[in-house]
Number of protein chains: 2
Amino acid sequence: MSHRVTMRDVARAVGVSPMTVSRALRDDETVNAKTRHKIRQVANDLGYVYDTTAQAFRTQKSGFVAVTLPSINNANFAETFRGLSEGLGQSGMQLLLGSTNYQVDKEEELVRQLLTRNPEAIVLTGGHHTDETRALLSARNLPVIEIWDLPAAPLGHVVGFSNASAMAKVVTHLAEKGRYRLGFVGASENTDLRGASRRAGVIAAAAELGLPDVTIIDAGSAPVSMRHGAQAVSDLGDAVSELDALVCVSDPVAFGALSECRRRGLKVPSDIAVTGFGNFEVASVSDPRITTVGVTAREIGMQVAALLDDLFAGEAGDLPRIVDVGSRLVPGETS
Amino acid sequence: MSHRVTMRDVARAVGVSPMTVSRALRDDETVNAKTRHKIRQVANDLGYVYDTTAQAFRTQKSGFVAVTLPSINNANFAETFRGLSEGLGQSGMQLLLGSTNYQVDKEEELVRQLLTRNPEAIVLTGGHHTDETRALLSARNLPVIEIWDLPAAPLGHVVGFSNASAMAKVVTHLAEKGRYRLGFVGASENTDLRGASRRAGVIAAAAELGLPDVTIIDAGSAPVSMRHGAQAVSDLGDAVSELDALVCVSDPVAFGALSECRRRGLKVPSDIAVTGFGNFEVASVSDPRITTVGVTAREIGMQVAALLDDLFAGEAGDLPRIVDVGSRLVPGETS
DNA sequence: ACAAGTTTTGTTATCGGTAACATGTTATCG
DNA sequence: CGATAACATGTTACCGATAACAAAACTTGT
């Protein structure tokens, strides 16, 4: 009880050197099979627990991959995290998670904190960062992977998709259905930068197609969710009848908007169309099903895991890898 | 580039000993204010980054709190994690997260892995664990906190609520409304143990009130979500008309069931009532709003953070703390 | 039986901080 | 001015594993 069991203790008990124990526990083939067995046996009996901290210190490899997410409470980001987590299972890396609450300065602080743990790679959601964050990262020789975006000036590798062109698909789809007067429902501020990209994408696509100006409908500050979508429609009141479609920044927002429309007796899609983003479960289960954009959240995570595997195996080549996982329109019953 | 900047380098540049640098960077009052300033300045200029790994190794304090969740992709668990994360911000602890996929043997493996990082406390979701997990934890002198449950034989501290008595509230509420023939919609297997507790709670409460036997409706294997709820109702077919109410294991399941009922032309609540669990956002935004049970997911996290603060400050006393955060019925429009 | 090769094990130094203790340096006061 | 206290800094050893190198033990062929 007084003193934790170390390799030294195991070594003494077996009658070998600590080095042999170290090798045996890491399944080093050069250790005699019988010795290896005995060592594992004794280690177990003594209640030995491997000390990854010491290993990380000595080898200068933490075994950590740092990940920043805007929010953990978001099905899509959670799926990405899960894909990453499962995909990385093989390589023995552990994920060190932090959430930024959609704020770049929070991200900076988080990155600073995460870096003190010597991660072997860092995965950042989004392509917008403070200068200080960029400086911190480039000062280290650390693989950086940006996800959920296709930044113009990437820090390193990228696994993402274009939010703007995803929204263009939605706008085109609506225009084909004769929906010209669009309202965009999303966060007001620019803190949610993916949201801002989507808004910009809608505006650009509408202009491109010669549609009237997009009405921007403020749903509050990020993160916006179901209740914000409902509230936005509620705030809009009768002005909603001026619109052909509500283009929402995400499926939860769309679901909130849809529910509120129904509460107000508006028929969807005959009176107004509603679209979402992200292909969340709620989009396909809701009645009517919500037209949305499918983004392969889980696949982003898995692609990142694959990329990291290559990086750690030294098989990734020198060039930063840019993976566009794309997006696809998922037509539902609300448009 | 060749060699990372250490305290030694900073010390040399300033002309003091590494120890002084160490103290200065940790804001030790005994270091002269001017020296402290200079050291911080130089550390910054040299691009020094504190090495938490080395600190963790030397002090034998990792600064980690390990957390296991059944799933990260679950709004309630995510909220708990967030509450914990935010509440723990002060104490400088970092969370080390792992998810068990609702499997106790996965939990065991995870605990084993997490322990190698020398966490200073461990937070486990649920009160059911393998014997080996229990052994691993009790062999260490490590604070253990079980959450989201009130286990009969806790490993240490507890911050949770009774799943069974929460369901009893739902059953009582339904009985008062004249709903006697209940169907419980949840995961089939017993891997999701909180789900199993809820099922048991429903059965016990129905028996207590003298209601007819509860019909168990299999929604597939854990984690069950919206689509499972919809599928379960779909599978049920006409048999659904034999029931007065669908008692669902969670709000997402309830929402799926509700949507499917509507697709099939069933009126909720006049034809059948639907209830959920967890007071997820979808319950309050959905039209009609879903009757559910509010569990203070975020508060669980914050309570755990508060408890950990006390523990680390040595102010927690000797006895394990058992916190029942309770639960409350949130009547909606589906019952 | 011995050299040369192969397999297995051991020795030493070290990663970057910091606890505990020792020492130096500057105020304070009779 | 010298003694004592208060403050500021330095020294030494060490946390537990492991890379790099060294050496021992065992095979094998002649």
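**One strand and what lies beyond**

Tutor: Let's start with β5(B), which pairs with strand β11 (residues 322–324) of chain B in the parallel sense over three bridges. Pairing here takes at least two DSSP bridges between two strands, and the elements are DSSP runs numbered from the N terminus (helices H or I, at least four residues; strands E, at least two). This is a predicted model, where local features need pLDDT of at least 70, side-chain atom pairs count only at pLDDT 80 or more, and totals for chains, interfaces and linings use all residues. Residues are numbered from 1 along each chain as written, chains are lettered from A and ligands numbered from 1 in written order, and side-chain values use heavy atoms, with hydrogens and water left out.

Within that pairing, Ile322(B) of β11(B) sits opposite Val158(B). Strand β4 (residues 144–147) of chain B also runs parallel to β5(B), joined to it by three bridges, and there Glu146(B) has Val158(B) as its bridge partner. In a regular strand, side chains alternate between the two faces of the sheet. Strand β5 (residues 157–160) of chain B is covered on both: His157(B) and Val159(B) on one side, Val158(B) and Gly160(B) on the other, are all buried, meaning under 20% relative accessible area with a 1.4 Å probe, protein chains only.

Stepping back to the pair of chains, a 180 degree rotation with 0.0 Å of shift along its axis puts chain A on chain B with an RMSD of 0.1 Å, fitted by least squares on C-alpha atoms of residues with pLDDT of at least 70 in both. The copies are thus related as by a two-fold rotation axis. Both use the same surface: 98% of chain A's contact residues (heavy atoms within 4.5 Å) recur in chain B.

Now for the DNA. Among the 27 residues around DNA strand D (a heavy atom within 4 Å), Ser22(A), Tyr48(A), Tyr50(A), Ser17(B) and Thr20(B) come nearest. Helices supplying at least two residues each to that surface are α1 (7–14), α2 (18–25) and α4 (52–59) of chain A, plus α2 (18–25) and α4 (52–59) of chain B; α4(A) gives the most, with five. Of the DNA strand D atoms within 4 Å of the protein, 58% belong to sugar or phosphate and the rest to bases. On the backbone side, a polar backbone atom of Met7(A) is 2.7 Å from a phosphate oxygen of DNA strand D, and a backbone N or O atom of Asn32(B) lies 2.9 Å from one.

Terms used:
Buried means under 20% relative accessible area, exposed over 50%, partly exposed in between (1.4 Å probe, protein chains only). A polar contact is a pair of N or O atoms within 3.5 Å; within protein, one must be able to donate a hydrogen and the other to accept it, and residues adjacent in sequence count only if both atoms are side-chain atoms.
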